[in-house]
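Welcome! Take a moment to turn the model around before reading on. Then let us walk through a few of its parts together.

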Amino acid sequence: MKGNPWVDPAPFEGARPRVPWWVWLPGWIKLLLAPVALIWLAGRLAVKLVLVTGRYPVAVTACLGGYIGYRQFGLSPLVLALLSLVCALTVWYGLDRGSFLRFGWYRVLTEWRRLTVYVPHWRTVMRLAELAKDSRGREYRPKLRRVRSEGWRDKVRVRMIPAQSPEQWEARRDNLAHSFNARSCRVRVLRPSVLELDFIHSDPLSRPVAVPQLAAVGDVDLKRVVVGRTETGKPWRLRLLGSQVLVVGVPGAGKGSVLWSIVWQLAPAIKAGMVRLVGIDPKGGMELGQCPDAFEKVIYDNGPEAVALLEEIAAEVKERAARYRGIRRLWARGTGEPFTVLIVDELADLIAYQPDRNLRERATRAVQTITSQGRAPGYAVVGLVQDPRKEVVSFRHLFTTRVALRLDEPVQVDMVLGDGVRQRGAAAHEISENTPGVAWLKEDGQREPERARAFHVTDADLVELGVYLAPATVHEFPTSGEGRAAA
Ligand SMILES: Nc1ncnc2c1ncn2[C@@H]1O[C@H](COP(=O)(O)OP(=O)(O)OP(=O)(O)O)[C@@H](O)[C@H]1O
């Protein structure tokens with residue numbers, strides 16, 4: 001026999017079976033601990049049952065009610081009760097659709113989506129999206145908390161794992177949206193380590209929002225001027241008193257509708273003399289010329305006249321601020337002086353594209369004075385811009401309310417709304433061309449951006465506005481002699 005027939009076996013590479021620690025305890029200790037373990041298990045089961053009932057109240061009530069009804073009364077009364085329930089729900093839907101959806105349908109939808117979409121796929125998606133982590137043989141997985149469906153979106157609360165940051169979730173918004181069959185996903189931070197994900201299924205702002213009736217009396221809250229509707233169905237309230245507003249959007253994005261929605265809502269106050277509008281439209285009056293009666297003064301170019309108007313307002317701001325000093329901190333209607341809104345249709349034409357350097361610098365200085373000092377003495381600027389580049393509006397930070405309508409590039413969203421706002425879901429560059437007037441809004445001091453659509457102010461509405469604001473023509477009453485002669 002040649003050589004040694006013995007071959008070394010390959011080293012054992014299988015994982016050793018992990019056995020729970022209590023298996024090694026002596027039998028008598030196991031016996032002693034058995035009742036404690038049973039009580040602990042029963043407690044866990046009770047907690048689970050409470051959680052399931054809390055998460056699926058409609059399903060649990062329906063199943064339990066159905067079962068008890070069947071045991072007590074039999075099948076026919078149960079079918080009859082079901083039919084009556086369907087009739088009652090139909091009547092409820094017919095009488096008050098809003099409350100039916102909110103308190104009925106969306107609750108059912110919440111439970112359905114939780115059960116069929118989020119719970120079954122949560123673990124796999126977290127692992128594949130690398131949002132779950134393994135450390136020392138233990139898996140750390142983000143916890144799925146409350147789910148609320150509102151039809152057009154699902155709000156899903158999540159508890160992050162230790163050492164995770166919201167940015168990691170923001171970087172995976174698209175992955176999450178596709179994994180859970182949604183059109184898009186937004187990430188909001190609720191409190192430390194708790195996030196809320198919005199899974200968007202449809203656009204509640206796809207239809208234009210009609211302007212409301214013109215109010216007859218002149219009581220307008222200048223801190224909450226309603227200029228449209230937000231995607232949650234609430235009014236879009238724009239702050240004018242104590243704020244400066246910058247509206248940015250590509251041509252055709254609907255800047256005109258934001259502008260005219262503001263004027264529309266201010267109309268009663270303008271008529272009552274509480275608000276004064278001043279306008280500059282460097283595009284030759286294409287926009288503001290549609291309803292000149294709304295303005296006390298309006299200039300249709302970007303030349304010396306427009307600059308003189310800006311300087312006149314800047315001087316007024318300084319003069320009024322000097323008078324208010326030590327007396328009041330913010331304009332109020334009790335002062336008897338009108339609140340002034342300066343509307344500039346294409347701000348860049350005045351402060352960036354103006355070829356005359358002297359005029360450009362004077363205009364820039366005046367606009368800076370009004371925006372930086374006009375808050376307290378009751379002056380608001382509504383500046384509309386197509387191009388948000390830095391050199392175009394170098395003092396964007398002086399505008400405390402920014403409105404981003406449809407934009408071309410993601411970087412423009414950061415320029416308008418500020419750094420990090422796009423990551424929180426404000427995708428103004430993704431607004432569809434088919435929904436002009438839809439915008440992302442951000443006010444200083446408010447963390448989360450909001451999505452809204454301005455009222456659709458049609459040409460017919462502008463005619464109505466013009467008639468409403470036109471100075472009353474006073475016809476001389478015929479004297480009795482003339483009256484008789486005419487007769
Ligand atoms: N809120 C809105 N709802 C529905 N349609 C709108 C809305 N706003 C604007 N539109 C429609 O979109 C088109 C472009 O609107 P608009 O002229 O206001 O855009 P713009 O941004 O002012 O454009 P430009 O910069 O060229 O003046 C118009 O046909 C208008 O009817």
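Below we visit a sheet, a pair of helices and the surroundings of the ligand. Please keep in mind that this is a predicted model.

Let us begin with the sheet. Four strands make up an open sheet in the order β3-β4-β6-β5, and their pairing is antiparallel. The strands β3 (143–149) and β5 stand at the edges; each has a single partner strand, so one side of each is left without a neighbour in the sheet. Neighbouring strands here are turned against each other by 25° on average, direction ignored.

Now follow strand β6 (residues 194–200). On one hand, β6 pairs with strand β4 (residues 153–159) in the antiparallel sense, over seven bridges. On the other hand, strand β5 (residues 184–191) also pairs with β6 in the antiparallel sense, again over seven bridges. Elsewhere in β6, isoleucine 200 stands opposite arginine 153.

Next come two helices. Two packed helices are described by the angle between their axes and the distance between the axes. How do α7 and α12 pack, and at what angle? Helix α7 (residues 255–271) meets helix α12 (residues 459–469) at an angle of about 20°, and their axes are 10 Å apart. An angle under 35 degrees counts as roughly parallel, so α7 is roughly parallel to α12. The crossing of α7 past α12 is left-handed. From α7, the contact is made by Trp260, Val263, Trp264, Ala267, Ile270 and Lys271, while α12 brings Leu462, Leu465, Tyr468 and Leu469. Sorted by class, this contact has nine nonpolar residues, no polar ones and one charged residue.

Helix α7 also leads us to the ligand. Which residues come nearest to the ligand? Of the 15 residues around the ligand, they are Gly254, Gly256, Ser257, Pro436 and Gly437. The elements giving two or more residues to this shell are α7 and β17 (450–456). By class, the shell has five nonpolar, eight polar and two charged residues.

Key: Residues numbered from 1 in each chain as written. Predicted model: local features only at pLDDT ≥ 70, side-chain atom pairs only at ≥ 80, totals over all residues. Axes fitted to C-alpha atoms, helices over the stretch in contact; angles between N-to-C directions. Parallel < 35°, antiparallel > 145°, perpendicular 65-115°, else oblique. Left-handed = near helix turned anticlockwise from the far one by under 90°. Contact = placed C-beta atoms within 7 Å. Nonpolar A, V, L, I, M, F, W, Y, C, P; charged D, E, K, R; others polar. Near = placed C-beta within 6 Å. Pairing = 2+ DSSP bridges.
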